[in-house]
Amino acid sequence: LRHSLAFPGASPLALSFSRDGGTLATGNADGTTVVWDLETGHAVGQPLAGLRGAVEHMTIDAGGSIITTASASGVASWDLQGTALSTHRPLRPSTRTAQSVAFSPDGHLVATIGIEGQLSIRDPDTLGRQGELVSTGSSHCCSSVAAYAPDGRTVVAGAGAHLSSIDVQARAVDRPPLDLGE
């Protein structure tokens, strides 16, 4: 990062780098997502708006062309290809709120986990769910998290001190939960 980034009127709550490290996206308390060019330190295009509530989680796909964001009102997918970031893919909110989002390493799937502790594997373009929900067995205590393993075969997801490993192909928990001891 060669420049300080100024956030007039919006406080960032979520951050995601592009794989090449040249772009940073910020999810803000005002419900917007801003894409930054880290070489210049300037925002690229206008803020992406459409979600109600603070953008608390986000992820950029491996190609740097899609950002998926989550707030209390749902999930949105933004297409960043082309030159105008203000022309985005229409908002496609999920039927359940999501607290965390994660792209598979190849960018072909996105995992979301909601306050119910259920993991969804989704199409990154439509955000349509592929297959059944997978219960992580986590409590409703706090913010949920999800992350793909580098090989793309496993997602670790859950909340609080309880994380489950989910086999993406089988759509099932594949080993005993990690107990982080809280």
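In this predicted model, the chain contains 16 strands and zero helices. Of its 182 residues, 45% are buried. Among contacts with a separation of 6 or more, 36% join residues 24 or more positions apart.

The largest nonpolar core comprises 13 residues. Within this core, the residues that touch the most other members are L119, I121, Y148, V155 and A157. Two or more residues each are contributed by strand 9 (110–113), strand 10 (118–122), strand 12 (144–148) and strand 13 (154–159). Another core, of twelve residues, lies apart from this one and includes V35, M58, I60 and L80.

When neighbours within four places in sequence are left aside, A157 is in contact with I113, L119, T136, V145, A146, H162, L163, S164 and I166.

Strand 13 also takes part in pairing towards the end of this segment: it is antiparallel to strand 14 (residues 162–167), with six bridges between the two. In this pairing, V156 stands opposite S165 of strand 14. Strand 14 in turn pairs with strand 15 (residues 172–173), again in the antiparallel sense, over two bridges. Here D167 has A172 of strand 15 as its bridge partner. Strands 14 and 15 form a hairpin with four residues between them. In the turn of this hairpin, R171 has a positive phi of about 55°.

Notes: Residues are numbered from 1 along each chain as its sequence is written. This is a predicted model: local features need pLDDT of at least 70, side-chain atom pairs count only at pLDDT 80 or more; totals for chains, interfaces and linings use all residues. Side-chain values use heavy atoms; hydrogens and water are left out. A nonpolar core is a set of buried Ala, Val, Leu, Ile, Met, Phe, Trp, Tyr and Cys residues joined through side-chain atoms within 4.5 Å. Buried means under 20% relative accessible area, exposed over 50%, partly exposed in between (1.4 Å probe, protein chains only). Contact means heavy atoms within 4.5 Å. Two strands pair if DSSP finds at least two bridges between them.
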